[in-house]
Amino acid sequence: MSRVSDDHPTPEQTEMASLVRLAIGGDVAAFEGVIRRYERRVISIAAKLLGGVDDAQDAAQEVFFRAFRYLHRLDPNKPIEPWLVRMTVNVCRDIGRKRGRWRHTVPLVAAPEAAIAATGDPHTGLTGEQEKQMVRRALESLPEKERLAILLRDVEGYATAEVAEILRSSETTVRSQISRGRLKMKQTLDRIIGGRQ
Amino acid sequence: VTCGFPEKYLALHVEADLPLDEAFITEKHLAICEDCRQFVVQLAARQSSIKSLRQDAIHAAAYAGLRQCAMSRIRCSLENIGWMLRIERALFMAFRGRGYALAGLVLAAVVSVSLIAQITHSRAAVSATAGLQGNVLLRPHDYRQWVLAGTGEDMENAHSVDASESRASHKVYITPAAYRAYLKNGIFPEGTIMVLEQASGAAGTELMASVKDSRFEGGWGFFDFGRGDGQAKESAPEAGCRTCHDERAQTDHVFTQYYPALRPARAES
(Lines give C-alpha, C1' and ligand atoms only; values in the text may rest on other atoms or scores of the structure.)
Protein backbone atom coordinates (compact mmCIF):
# COMPACT_ATOMS: atom_id res chain seq x y z
CA MET A 1 0.00 0.00 0.00
CA SER A 2 1.08 3.58 0.24
CA ARG A 3 3.08 2.59 3.29
CA VAL A 4 2.06 5.56 5.35
CA SER A 5 4.03 8.77 5.72
CA ASP A 6 6.76 8.28 3.19
CA ASP A 7 8.37 11.67 2.82
CA HIS A 8 9.39 11.00 -0.75
CA PRO A 9 6.75 9.29 -2.82
CA THR A 10 7.92 6.53 -5.11
CA PRO A 11 7.53 6.96 -8.87
CA GLU A 12 4.65 4.50 -8.69
CA GLN A 13 2.89 6.60 -6.05
CA THR A 14 3.42 9.73 -8.10
CA GLU A 15 2.00 8.05 -11.17
CA MET A 16 -1.01 6.79 -9.22
CA ALA A 17 -1.64 10.24 -7.75
CA SER A 18 -1.61 11.65 -11.25
CA LEU A 19 -4.07 9.00 -12.48
CA VAL A 20 -6.36 9.71 -9.52
CA ARG A 21 -6.31 13.46 -10.26
CA LEU A 22 -7.21 12.81 -13.88
CA ALA A 23 -9.97 10.40 -12.85
CA ILE A 24 -11.38 12.96 -10.38
CA GLY A 25 -11.58 15.31 -13.34
CA GLY A 26 -13.74 12.71 -15.14
CA ASP A 27 -11.08 10.86 -17.15
CA VAL A 28 -12.52 7.35 -17.41
CA ALA A 29 -9.40 5.91 -19.08
CA ALA A 30 -7.30 7.12 -16.15
CA PHE A 31 -9.64 5.39 -13.78
CA GLU A 32 -9.15 2.16 -15.70
CA GLY A 33 -5.48 2.51 -14.79
CA VAL A 34 -6.50 2.78 -11.14
CA ILE A 35 -8.57 -0.40 -11.44
CA ARG A 36 -5.70 -2.22 -13.12
CA ARG A 37 -3.41 -1.30 -10.25
CA TYR A 38 -5.75 -2.30 -7.40
CA GLU A 39 -8.01 -5.02 -8.78
CA ARG A 40 -5.92 -7.85 -7.33
CA ARG A 41 -5.81 -6.30 -3.91
CA VAL A 42 -9.53 -5.54 -3.84
CA ILE A 43 -10.60 -8.94 -5.11
CA SER A 44 -8.20 -10.70 -2.73
CA ILE A 45 -9.59 -8.90 0.34
CA ALA A 46 -13.16 -9.37 -0.85
CA ALA A 47 -12.58 -13.09 -1.41
CA LYS A 48 -11.29 -13.47 2.13
CA LEU A 49 -14.14 -11.48 3.59
CA LEU A 50 -16.87 -13.18 1.60
CA GLY A 51 -15.32 -16.61 1.31
CA GLY A 52 -15.82 -17.02 -2.40
CA VAL A 53 -14.36 -15.71 -5.64
CA ASP A 54 -17.75 -15.23 -7.31
CA ASP A 55 -19.00 -12.95 -4.54
CA ALA A 56 -15.60 -11.24 -4.50
CA GLN A 57 -15.93 -10.41 -8.21
CA ASP A 58 -19.34 -8.84 -7.61
CA ALA A 59 -17.98 -6.92 -4.65
CA ALA A 60 -14.93 -5.69 -6.54
CA GLN A 61 -17.11 -4.48 -9.40
CA GLU A 62 -19.29 -2.59 -6.93
CA VAL A 63 -16.22 -1.14 -5.18
CA PHE A 64 -14.79 0.32 -8.38
CA PHE A 65 -18.17 1.58 -9.48
CA ARG A 66 -18.71 3.37 -6.15
CA ALA A 67 -15.12 4.58 -6.16
CA PHE A 68 -15.55 6.29 -9.51
CA ARG A 69 -18.90 7.72 -8.47
CA TYR A 70 -17.56 9.24 -5.27
CA LEU A 71 -13.98 9.87 -6.32
CA HIS A 72 -14.51 13.60 -5.87
CA ARG A 73 -14.71 13.00 -2.10
CA LEU A 74 -11.14 11.75 -2.05
CA ASP A 75 -8.43 14.23 -1.18
CA PRO A 76 -6.12 13.96 -4.22
CA ASN A 77 -3.14 14.56 -1.96
CA LYS A 78 -3.86 11.38 -0.03
CA PRO A 79 -3.28 7.83 -1.26
CA ILE A 80 -6.29 6.10 -2.75
CA GLU A 81 -5.57 2.62 -1.38
CA PRO A 82 -6.84 3.01 2.22
CA TRP A 83 -10.00 4.57 0.80
CA LEU A 84 -10.48 1.72 -1.67
CA VAL A 85 -9.84 -0.93 0.97
CA ARG A 86 -12.28 0.76 3.37
CA MET A 87 -14.84 0.76 0.60
CA THR A 88 -14.12 -2.92 -0.06
CA VAL A 89 -14.76 -3.74 3.60
CA ASN A 90 -18.02 -1.77 3.53
CA VAL A 91 -19.24 -3.29 0.27
CA CYS A 92 -18.39 -6.80 1.50
CA ARG A 93 -20.22 -6.10 4.74
CA ASP A 94 -23.30 -5.05 2.73
CA ILE A 95 -23.13 -8.05 0.41
CA GLY A 96 -22.33 -10.46 3.23
CA ARG A 97 -25.22 -9.28 5.34
CA LYS A 98 -27.61 -9.47 2.44
CA ARG A 99 -26.54 -13.01 1.74
CA GLY A 100 -26.24 -13.94 5.42
CA ARG A 101 -22.56 -14.66 5.01
CA TRP A 102 -20.91 -11.88 6.94
CA ARG A 103 -20.39 -13.69 10.20
CA HIS A 104 -20.16 -17.16 8.77
CA THR A 105 -18.47 -16.96 5.44
CA VAL A 106 -18.08 -19.92 3.17
CA PRO A 107 -14.38 -20.71 3.28
CA LEU A 108 -12.44 -19.86 0.18
CA VAL A 109 -11.41 -23.25 -1.12
CA ALA A 110 -8.63 -23.43 -3.64
CA ALA A 111 -8.84 -26.34 -6.00
CA PRO A 112 -6.82 -29.32 -4.67
CA GLU A 113 -4.92 -29.37 -7.98
CA ALA A 114 -3.80 -25.80 -7.35
CA ALA A 115 -2.56 -26.73 -3.87
CA ILE A 116 -0.66 -29.71 -5.22
CA ALA A 117 0.78 -27.67 -8.06
CA ALA A 118 2.00 -25.06 -5.58
CA THR A 119 4.09 -27.58 -3.62
CA GLY A 120 4.72 -30.23 -6.21
CA ASP A 121 3.82 -32.83 -3.59
CA PRO A 122 0.28 -34.15 -3.34
CA HIS A 123 0.58 -34.94 0.37
CA THR A 124 2.27 -31.71 1.43
CA GLY A 125 -0.07 -29.67 -0.72
CA LEU A 126 -3.23 -31.14 0.70
CA THR A 127 -1.94 -30.91 4.25
CA GLY A 128 -1.10 -27.25 3.71
CA GLU A 129 -4.56 -26.63 2.30
CA GLN A 130 -6.19 -28.38 5.26
CA GLU A 131 -4.23 -26.17 7.61
CA LYS A 132 -5.34 -23.09 5.72
CA GLN A 133 -8.92 -24.20 6.04
CA MET A 134 -8.52 -24.40 9.78
CA VAL A 135 -6.92 -20.98 9.93
CA ARG A 136 -9.84 -19.61 7.93
CA ARG A 137 -12.28 -21.17 10.35
CA ALA A 138 -10.40 -19.77 13.32
CA LEU A 139 -10.42 -16.35 11.66
CA GLU A 140 -14.11 -16.65 11.02
CA SER A 141 -14.80 -17.32 14.67
CA LEU A 142 -13.39 -13.93 15.70
CA PRO A 143 -15.64 -10.96 16.41
CA GLU A 144 -15.96 -8.71 13.36
CA LYS A 145 -13.59 -5.94 14.45
CA GLU A 146 -10.85 -8.34 15.50
CA ARG A 147 -11.31 -10.35 12.33
CA LEU A 148 -10.92 -7.27 10.15
CA ALA A 149 -7.89 -6.10 12.09
CA ILE A 150 -6.17 -9.50 11.81
CA LEU A 151 -7.11 -9.88 8.16
CA LEU A 152 -5.70 -6.50 7.23
CA ARG A 153 -2.62 -6.62 9.46
CA ASP A 154 -1.52 -10.24 9.40
CA VAL A 155 -3.01 -11.63 6.21
CA GLU A 156 -2.87 -8.60 3.93
CA GLY A 157 0.24 -7.20 5.59
CA TYR A 158 -0.80 -3.61 6.17
CA ALA A 159 0.96 -1.72 8.96
CA THR A 160 -0.99 -0.99 12.13
CA ALA A 161 -1.23 2.70 11.21
CA GLU A 162 -2.62 1.78 7.82
CA VAL A 163 -5.17 -0.59 9.33
CA ALA A 164 -6.26 2.22 11.65
CA GLU A 165 -6.66 4.53 8.67
CA ILE A 166 -8.63 1.94 6.70
CA LEU A 167 -10.94 1.16 9.60
CA ARG A 168 -11.17 4.81 10.64
CA SER A 169 -10.04 3.96 14.10
CA SER A 170 -7.15 4.90 16.37
CA GLU A 171 -3.88 2.98 16.34
CA THR A 172 -4.35 2.15 20.02
CA THR A 173 -7.76 0.60 19.36
CA VAL A 174 -6.50 -1.35 16.37
CA ARG A 175 -3.48 -2.56 18.33
CA SER A 176 -5.78 -3.82 21.03
CA GLN A 177 -7.99 -5.60 18.46
CA ILE A 178 -4.94 -7.18 16.83
CA SER A 179 -3.57 -8.34 20.15
CA ARG A 180 -6.87 -9.89 21.26
CA GLY A 181 -7.38 -11.42 17.83
CA ARG A 182 -3.92 -13.03 17.77
CA LEU A 183 -4.36 -14.51 21.22
CA LYS A 184 -7.75 -15.94 20.29
CA MET A 185 -6.39 -17.28 17.01
CA LYS A 186 -3.55 -18.96 18.86
CA GLN A 187 -5.93 -20.50 21.33
CA THR A 188 -8.23 -21.81 18.60
CA LEU A 189 -5.42 -23.07 16.40
CA ASP A 190 -3.66 -24.73 19.33
CA ARG A 191 -6.90 -26.57 19.98
CA ILE A 192 -7.67 -27.67 16.43
CA ILE A 193 -4.27 -28.18 14.82
CA GLY A 194 -1.95 -28.20 17.79
CA GLY A 195 -2.06 -31.95 18.09
CA ARG A 196 -1.26 -32.52 14.43
CA GLN A 197 2.15 -30.93 14.53
CA VAL B 1 1.94 -17.45 30.64
CA THR B 2 2.53 -18.26 34.28
CA CYS B 3 4.67 -15.28 35.20
CA GLY B 4 1.78 -12.86 34.91
CA PHE B 5 3.37 -10.73 32.18
CA PRO B 6 0.59 -9.31 29.93
CA GLU B 7 0.09 -11.67 27.00
CA LYS B 8 -1.29 -8.79 24.95
CA TYR B 9 2.24 -7.34 24.84
CA LEU B 10 3.63 -10.64 23.64
CA ALA B 11 0.94 -10.89 20.96
CA LEU B 12 2.05 -7.53 19.58
CA HIS B 13 5.74 -8.12 20.12
CA VAL B 14 5.68 -11.14 17.82
CA GLU B 15 5.15 -8.87 14.82
CA ALA B 16 6.95 -5.82 16.22
CA ASP B 17 3.71 -3.92 16.64
CA LEU B 18 4.45 -2.49 20.08
CA PRO B 19 5.21 1.18 20.63
CA LEU B 20 8.82 1.83 21.64
CA ASP B 21 8.32 2.08 25.40
CA GLU B 22 6.26 -1.10 25.63
CA ALA B 23 8.61 -2.90 23.24
CA PHE B 24 11.50 -2.01 25.55
CA ILE B 25 9.67 -3.38 28.62
CA THR B 26 8.72 -6.55 26.75
CA GLU B 27 12.21 -7.23 25.45
CA LYS B 28 13.64 -6.70 28.92
CA HIS B 29 11.18 -9.21 30.33
CA LEU B 30 11.77 -11.76 27.60
CA ALA B 31 15.47 -11.70 28.35
CA ILE B 32 14.78 -13.20 31.77
CA CYS B 33 11.58 -15.25 31.25
CA GLU B 34 11.82 -18.64 29.52
CA ASP B 35 8.05 -19.18 29.78
CA CYS B 36 7.29 -16.01 27.81
CA ARG B 37 9.97 -16.81 25.24
CA GLN B 38 8.27 -20.16 24.61
CA PHE B 39 4.92 -18.40 24.30
CA VAL B 40 6.35 -16.04 21.70
CA VAL B 41 7.76 -18.97 19.72
CA GLN B 42 4.32 -20.62 19.68
CA LEU B 43 2.71 -17.34 18.68
CA ALA B 44 5.21 -16.95 15.84
CA ALA B 45 4.29 -20.42 14.57
CA ARG B 46 0.59 -19.51 14.55
CA GLN B 47 1.38 -16.22 12.84
CA SER B 48 3.12 -18.17 10.16
CA SER B 49 -0.05 -20.26 9.67
CA ILE B 50 -2.15 -17.10 9.45
CA LYS B 51 0.20 -15.56 6.92
CA SER B 52 -0.12 -18.64 4.75
CA LEU B 53 -3.49 -17.22 3.69
CA ARG B 54 -1.59 -14.49 1.85
CA GLN B 55 -0.71 -17.09 -0.74
CA ASP B 56 -4.34 -17.83 -1.54
CA ALA B 57 -4.12 -17.67 -5.26
CA ILE B 58 -6.95 -16.21 -7.24
CA HIS B 59 -7.00 -17.38 -10.80
CA ALA B 60 -6.38 -14.79 -13.47
CA ALA B 61 -9.77 -15.71 -14.91
CA ALA B 62 -11.37 -14.01 -11.93
CA TYR B 63 -9.97 -10.68 -13.09
CA ALA B 64 -10.76 -11.20 -16.72
CA GLY B 65 -14.28 -9.87 -16.77
CA LEU B 66 -14.03 -7.64 -13.72
CA ARG B 67 -12.36 -4.61 -15.26
CA GLN B 68 -14.49 -4.81 -18.38
CA CYS B 69 -17.73 -5.03 -16.39
CA ALA B 70 -16.74 -2.27 -13.99
CA MET B 71 -15.75 0.06 -16.83
CA SER B 72 -18.93 -0.70 -18.75
CA ARG B 73 -21.02 0.08 -15.67
CA ILE B 74 -19.08 3.30 -15.08
CA ARG B 75 -19.54 4.45 -18.68
CA CYS B 76 -23.29 3.80 -18.48
CA SER B 77 -23.54 5.64 -15.19
CA LEU B 78 -22.03 8.77 -16.73
CA GLU B 79 -25.30 9.35 -18.56
CA ASN B 80 -27.46 8.84 -15.50
CA ILE B 81 -25.96 10.86 -12.72
CA GLY B 82 -28.58 12.09 -10.26
CA TRP B 83 -28.92 15.81 -9.54
CA MET B 84 -27.81 15.38 -5.92
CA LEU B 85 -24.56 13.81 -7.03
CA ARG B 86 -24.05 16.52 -9.64
CA ILE B 87 -24.47 19.20 -6.97
CA GLU B 88 -22.15 17.35 -4.61
CA ARG B 89 -19.49 16.97 -7.31
CA ALA B 90 -19.77 20.61 -8.30
CA LEU B 91 -19.38 21.68 -4.67
CA PHE B 92 -16.39 19.44 -4.08
CA MET B 93 -14.75 20.53 -7.31
CA ALA B 94 -15.45 24.18 -6.64
CA PHE B 95 -14.22 24.25 -3.06
CA ARG B 96 -11.76 21.38 -3.23
CA GLY B 97 -11.88 21.47 0.56
CA ARG B 98 -13.83 18.83 2.39
CA GLY B 99 -15.05 21.21 5.11
CA TYR B 100 -16.39 23.82 2.68
CA ALA B 101 -17.94 21.19 0.48
CA LEU B 102 -19.65 19.51 3.41
CA ALA B 103 -20.95 22.88 4.60
CA GLY B 104 -22.33 23.44 1.11
CA LEU B 105 -23.93 20.00 1.15
CA VAL B 106 -25.53 20.66 4.52
CA LEU B 107 -26.89 23.96 3.21
CA ALA B 108 -28.27 22.21 0.11
CA ALA B 109 -29.85 19.55 2.34
CA VAL B 110 -31.47 22.18 4.58
CA VAL B 111 -32.90 24.00 1.56
CA SER B 112 -34.16 20.70 0.12
CA VAL B 113 -35.81 19.65 3.38
CA SER B 114 -37.43 23.06 3.69
CA LEU B 115 -38.74 22.87 0.11
CA ILE B 116 -40.03 19.34 0.65
CA ALA B 117 -41.74 20.43 3.88
CA GLN B 118 -43.47 23.26 2.03
CA ILE B 119 -44.57 20.99 -0.76
CA THR B 120 -45.86 18.44 1.76
CA HIS B 121 -47.67 21.18 3.64
CA SER B 122 -49.43 22.46 0.56
CA ARG B 123 -50.24 18.87 -0.44
CA ALA B 124 -51.83 18.39 2.97
CA ALA B 125 -54.00 21.45 2.37
CA VAL B 126 -54.92 20.25 -1.09
CA SER B 127 -55.75 16.77 0.17
CA ALA B 128 -58.05 18.28 2.74
CA THR B 129 -60.13 19.84 -0.01
CA ALA B 130 -59.88 16.82 -2.24
CA GLY B 131 -63.44 15.97 -1.22
CA LEU B 132 -64.65 19.27 -2.65
CA GLN B 133 -65.88 19.04 -6.22
CA GLY B 134 -67.26 22.31 -7.49
CA ASN B 135 -69.71 23.40 -4.84
CA VAL B 136 -70.31 19.85 -3.61
CA LEU B 137 -68.46 18.36 -0.64
CA LEU B 138 -68.18 14.64 -0.06
CA ARG B 139 -68.93 13.67 3.50
CA PRO B 140 -65.58 13.19 5.28
CA HIS B 141 -65.30 9.80 6.97
CA ASP B 142 -62.16 10.28 8.98
CA TYR B 143 -63.05 13.55 10.69
CA ARG B 144 -62.93 11.93 14.13
CA GLN B 145 -59.20 11.54 13.60
CA TRP B 146 -58.86 15.29 13.13
CA VAL B 147 -58.24 17.77 15.92
CA LEU B 148 -61.14 18.27 18.30
CA ALA B 149 -61.54 22.05 18.45
CA GLY B 150 -64.42 22.13 20.96
CA THR B 151 -67.56 20.41 22.27
CA GLY B 152 -71.16 21.46 22.86
CA GLU B 153 -70.31 22.86 26.27
CA ASP B 154 -67.86 25.25 24.67
CA MET B 155 -70.16 26.28 21.88
CA GLU B 156 -73.58 26.76 23.44
CA ASN B 157 -73.43 30.40 22.44
CA ALA B 158 -72.22 29.62 19.00
CA HIS B 159 -74.50 26.88 17.79
CA SER B 160 -77.60 27.52 19.93
CA VAL B 161 -77.59 24.07 21.44
CA ASP B 162 -81.04 23.20 22.61
CA ALA B 163 -81.41 22.71 26.39
CA SER B 164 -83.15 19.42 25.65
CA GLU B 165 -80.08 18.10 23.81
CA SER B 166 -76.95 16.79 25.40
CA ARG B 167 -74.27 19.40 24.92
CA ALA B 168 -71.60 16.76 25.06
CA SER B 169 -73.00 15.22 21.88
CA HIS B 170 -71.86 18.25 19.85
CA LYS B 171 -68.32 18.27 18.67
CA VAL B 172 -66.31 20.43 16.28
CA TYR B 173 -63.30 19.01 14.46
CA ILE B 174 -60.69 20.75 12.31
CA THR B 175 -58.28 19.24 9.76
CA PRO B 176 -54.88 18.68 11.42
CA ALA B 177 -52.79 20.56 8.82
CA ALA B 178 -55.09 23.59 9.10
CA TYR B 179 -54.96 23.40 12.88
CA ARG B 180 -51.16 23.41 12.88
CA ALA B 181 -51.06 26.31 10.43
CA TYR B 182 -53.56 28.29 12.50
CA LEU B 183 -51.61 27.74 15.71
CA LYS B 184 -48.48 28.89 13.94
CA ASN B 185 -49.67 32.12 12.40
CA GLY B 186 -53.29 32.69 13.50
CA ILE B 187 -54.62 32.30 9.94
CA PHE B 188 -56.80 29.48 8.65
CA PRO B 189 -55.17 28.28 5.43
CA GLU B 190 -57.01 27.69 2.21
CA GLY B 191 -58.53 24.21 2.33
CA THR B 192 -59.32 24.27 6.04
CA ILE B 193 -62.31 22.04 6.83
CA MET B 194 -64.27 22.21 10.07
CA VAL B 195 -66.93 19.67 10.89
CA LEU B 196 -69.76 20.02 13.39
CA GLU B 197 -70.98 16.64 14.56
CA GLN B 198 -74.29 16.38 16.34
CA ALA B 199 -74.94 12.91 17.68
CA SER B 200 -78.61 12.26 18.39
CA GLY B 201 -78.64 8.82 19.91
CA ALA B 202 -80.42 6.17 17.89
CA ALA B 203 -81.52 8.78 15.36
CA GLY B 204 -77.96 8.96 14.01
CA THR B 205 -75.35 11.61 13.58
CA GLU B 206 -75.90 14.88 11.82
CA LEU B 207 -72.97 16.48 10.15
CA MET B 208 -72.29 20.03 8.96
CA ALA B 209 -69.07 21.34 7.55
CA SER B 210 -67.42 24.59 6.60
CA VAL B 211 -64.59 24.80 4.08
CA LYS B 212 -62.29 27.73 3.55
CA ASP B 213 -62.16 28.23 -0.18
CA SER B 214 -61.79 31.57 -1.90
CA ARG B 215 -64.37 30.56 -4.55
CA PHE B 216 -67.15 30.96 -2.01
CA GLU B 217 -68.62 34.20 -0.79
CA GLY B 218 -66.70 35.46 2.21
CA GLY B 219 -64.06 32.82 1.54
CA TRP B 220 -65.97 30.03 3.27
CA GLY B 221 -68.48 27.47 2.06
CA PHE B 222 -71.03 25.82 4.37
CA PHE B 223 -72.43 22.34 3.89
CA ASP B 224 -75.19 20.49 5.64
CA PHE B 225 -75.05 16.68 5.28
CA GLY B 226 -77.86 16.05 7.73
CA ARG B 227 -77.83 12.35 8.50
CA GLY B 228 -76.96 11.46 4.96
CA ASP B 229 -73.81 9.59 4.11
CA GLY B 230 -73.11 11.04 0.69
CA GLN B 231 -72.49 14.60 -0.28
CA ALA B 232 -73.77 18.09 0.41
CA LYS B 233 -74.16 21.19 -1.74
CA GLU B 234 -72.87 24.53 -0.58
CA SER B 235 -75.72 26.38 1.16
CA ALA B 236 -77.16 29.43 -0.54
CA PRO B 237 -75.43 32.61 0.72
CA GLU B 238 -78.47 33.91 2.49
CA ALA B 239 -79.42 30.63 4.12
CA GLY B 240 -78.28 28.62 7.12
CA CYS B 241 -74.94 28.99 8.81
CA ARG B 242 -73.36 31.81 6.85
CA THR B 243 -75.18 34.77 8.36
CA CYS B 244 -74.42 33.78 11.90
CA HIS B 245 -70.76 32.95 11.13
CA ASP B 246 -70.41 36.28 9.29
CA GLU B 247 -71.75 38.23 12.20
CA ARG B 248 -70.61 36.47 15.33
CA ALA B 249 -67.48 34.46 14.63
CA GLN B 250 -64.47 36.26 15.96
CA THR B 251 -61.80 35.04 13.53
CA ASP B 252 -62.41 34.56 9.85
CA HIS B 253 -65.88 32.97 10.18
CA VAL B 254 -64.72 30.65 12.97
CA PHE B 255 -65.94 30.89 16.55
CA THR B 256 -62.44 30.90 17.93
CA GLN B 257 -63.74 32.69 21.03
CA TYR B 258 -65.48 29.48 22.12
CA TYR B 259 -63.10 26.71 21.09
CA PRO B 260 -60.45 25.97 23.69
CA ALA B 261 -58.05 24.42 21.20
CA LEU B 262 -58.08 27.57 19.07
CA ARG B 263 -57.83 30.15 21.82
CA PRO B 264 -54.02 30.24 22.21
CA ALA B 265 -53.44 31.29 18.62
CA ARG B 266 -56.34 33.76 18.79
CA ALA B 267 -54.80 35.38 21.88
CA GLU B 268 -51.43 35.67 20.15
CA SER B 269 -52.84 36.99 16.91
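Trainee: What do the values rest on?
Mentor: This is a predicted model, in which local features need pLDDT of at least 70 and side-chain atom pairs count only at pLDDT 80 or more, while totals for chains, interfaces and linings use all residues. Residues are numbered from 1 along each chain as its sequence is written, chains are lettered from A and ligands numbered from 1 in the order in which they are written, and side-chain values use heavy atoms, with hydrogens and water left out.

Trainee: Why is H4(A) called largely enclosed?
Mentor: A residue is buried under 20% relative accessible area, exposed over 50%, and partly exposed in between, with a 1.4 Å probe and protein chains only. In H4(A), 14 of the 18 residues are buried, so the rest of the structure largely encloses this helix. Buried residues make up 52% of the 197 residues in chain A and 43% of the 269 residues in chain B.

Trainee: How do you know that the span of helix H4 of chain A is close to the expected one?
Mentor: The expected span is 1.5 Å times one less than the number of residues. Helix H4 (residues 81–98) of chain A has 18 residues and reaches 25 Å from first C-alpha to last, close to the expected 26 Å. Helix H3 (residues 34–51) of chain B, also with 18 residues, reaches 26 Å, close to the 26 Å expected.

Trainee: Why is A:Val163 called buried?
Mentor: Its relative accessible area is 0%, so A:Val163 is buried. A:Val163 lies in helix H8 (residues 160–166) of chain A.

Trainee: What does A:Val163 touch?
Mentor: A contact means heavy atoms within 4.5 Å. Not counting residues up to four places away in sequence, A:Val163 touches A:Ala149, A:Leu152, A:Arg153, A:Tyr158 and A:Val174.

Trainee: How many residues of chain A are in contact with chain B?
Mentor: 53 residues of chain A are in contact with 42 residues of chain B. Buried area is the accessible area (1.4 Å probe) that two parts lose on being put together, summed over both. Here chain A and chain B bury about 4700 Å², 61% of it on carbon and sulfur atoms. A:His72, A:Arg182 and A:Lys186 supply 14% of the area that chain A buries against chain B, more than any other three residues.

Trainee: What makes the pair A:Arg182 and B:Asp17 a salt bridge?
Mentor: The rule asks for a side-chain nitrogen of Lys or Arg within 4 Å of a carboxyl oxygen of Asp or Glu. The closest N and O atoms of A:Arg182 and B:Asp17 are 2.7 Å apart, and the pair forms a salt bridge. The rule finds 5 salt bridges across the interface of chain A and chain B.

Terms used
Helix = DSSP H or I, 4+ residues; strand = E, 2+ residues; numbered from the N terminus.
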